[in-house]
Amino acid sequence: PAATSFSLCRMRFRSRFSSIAACGTLHQVVHSLSRMAKHGLTCKLRLTPTDVHLNVLGSADDHCAVWAILKNDFLFEEMRLESQHENNEVMFEINLDLLLRALKSAQSSPEVVVKLSKRDNVSLFTFQIGMVSVHGVSRPVVQDIPITVIDHASIPRYQPPQLPCPQVNIYLPDTKGLRTIIDRMKSISKHVYVSANQRGDLNFRIETTMASVRTSYQGLENPPWREGQAPPGSESDPEAFVTAKISLKKLARFLAGQMVQQHSTSVLLSIAKGDAIILCLIKENCKLVSYIPVFVD
C-alpha cells in the first residue's frame, strides 16, 4: 500500500554525522540496498532514539526484502529527535538513488548536518555538507531530498518480515570470489540450488537442459542460531544437506553491494527449507539482512 502523507509540523530531527567513517558506512549500506532494489525504488527510513532503520520491501508478487539497522551512537552526535509517536519515532519514504547521491557527496566531508525540513509545502530530508575548495575556502552545499512522511498508525505495516527458524547456518566463503562464480552462473540460468549442512559444506548448483554446473566449498564455519542455540533439527544428522532454490539475480545483487564486498568474510547464510534463504551481515554498529523467498519445484 502507498504511504500516507503526514505533516512534519510536530516532528523534529537534526543531527550531524559523528565522523567521515560513519557517513561512509551509511553510504555502503544504502548502496547495498539500492543494488537489491529496482532502479528508482524507495525505502522506508525509520528514526528511533537508538537506531536508524532502512527497509526495502518487495511487492505483493515479490516477497524479497532487504533491510538494515545502524546504531545512532555510531552514526550521529548532537542528535535531536522529537515526535508525538509513543516511542518517539519518525518514518518516511525516500528515493534510494537520491539518498545515495547525497551520501556520496557527503562521505568525504568532516562536517555534515542532516535534518528534516520543509519548503513550499514539500517535506524534505536535507543534507548540509561543508565542502572545502582547492584554495581552502569552506562553502556549504545543501542537498534536499523530497520525502513522504508516514503517519504513526501505519508504521507497523512497513516492518521487515518475521524471520523463520532455519535448519542450517553457515558462513559464506569470501564473497569477492563467490560473486564472480554467481555472475557466471547467472549467464546460464535464472535459478540456483543452494545446499548446506552443519559440517561446513556448501554447494551452489544450476541445472539447465544443456548443462549442470556445481561449485562446492568445505570447511566453512557453522555458527549457533540465536542466543547460542543450534538450528532446530541440526542435532539429528549434521551431515544432512538442506536445499533451497532461489533467484540467481537476487543473490548476485546482494553480493554486489559495497557493504558486502567491504566485509567479504562476514556474511551468514541461513536456509529455512520451503521458506527462504536469509543472508545476514552483522558488524558492531550495523546489521544488513536480505530475505530471499525460495522457489518450490
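Visitor: With which side chain does the side chain of Asp-51 make a polar contact?

Guide: In this predicted model, the partner is the side chain of Thr-50, at 2.8 Å.

Visitor: Where is the place of Asp-51, and is Asp-51 buried or exposed?

Guide: Burial is read from relative accessibility, and a residue under 20% is called buried. Asp-51 has 11% relative accessibility and therefore counts as buried. Asp-51 belongs to strand S3, which covers residues 51-57.

Visitor: Which residues is Asp-51 in contact with, leaving aside its neighbours within four places in sequence?

Guide: Asp-51 is then in contact with Arg-46, Ile-69, Leu-70, Lys-71 and Asn-72.

Visitor: Let us turn to the core. Which residues of the largest nonpolar core touch the most other members?

Guide: The general idea is that nonpolar side chains tend to be buried together in soluble globular proteins. Here the largest nonpolar core has 77 residues, and those touching the most other members are Phe-17, Leu-54, Phe-92, Leu-99, Phe-125, Phe-127 and Phe-204. Helix H1 gives the most to this core, with seven residues. Apart from this core lies another, of seven residues, including Trp-67, Ala-276, Cys-280 and Tyr-291.

Visitor: What is Leu-99 in contact with, beyond its neighbours within four places in sequence?

Guide: Leu-99 is in contact with Val-30, Leu-45, Leu-54, Ile-94, Phe-125, Phe-127 and Ile-145.

Visitor: How many residues does H1 have, and how many of them are buried?

Guide: Helix H1 spans residues 20-36 and has 17 residues. From its first C-alpha to its last, H1 reaches 25 Å, close to the 24 Å expected at 1.5 Å a residue. Of the 17 residues of H1, 14 are buried, so this helix is largely enclosed by the rest of the structure.

Visitor: In what order do the four strands of the open sheet stand, and which strands are at the edges?

Guide: The order here is S13-S12-S11-S14, with antiparallel pairing. Strand S13 (212-217) and strand S14 (242-247) each have a single partner strand, so one side of each is left without a neighbour in the sheet. From one strand to the next, the twist averages 20°.

Visitor: Over how many bridges do S11 and S14 pair, and what lies across these strands?

Guide: Strand S11, residues 191-196, pairs with S14 over six bridges in the antiparallel sense. Opposite Ala-196 stands Val-242 in S14. Helix H5 (residues 248-255) lies across S11, strand S12 (202-207) and S14, and runs at about 85° to S14.

Technical notes. Residues are numbered from 1 along each chain as its sequence is written. This is a predicted model: local features need pLDDT of at least 70, side-chain atom pairs count only at pLDDT 80 or more; totals for chains, interfaces and linings use all residues. Side-chain values use heavy atoms; hydrogens and water are left out. Two strands pair if DSSP finds at least two bridges between them. Helices (H or I, at least four residues) and strands (E, at least two) are DSSP runs, numbered from the N terminus. Axes are lines fitted to C-alpha atoms, for helices over the stretch in contact, and angles run from 0 to 180 degrees between N-to-C directions. Contact means heavy atoms within 4.5 Å. The expected span of a helix is 1.5 Å times one less than its number of residues. Buried means under 20% relative accessible area, exposed over 50%, partly exposed in between (1.4 Å probe, protein chains only). A nonpolar core is a set of buried Ala, Val, Leu, Ile, Met, Phe, Trp, Tyr and Cys residues joined through side-chain atoms within 4.5 Å. A polar contact is a pair of N or O atoms within 3.5 Å; within protein, one must be able to donate a hydrogen and the other to accept it, and residues adjacent in sequence count only if both atoms are side-chain atoms.
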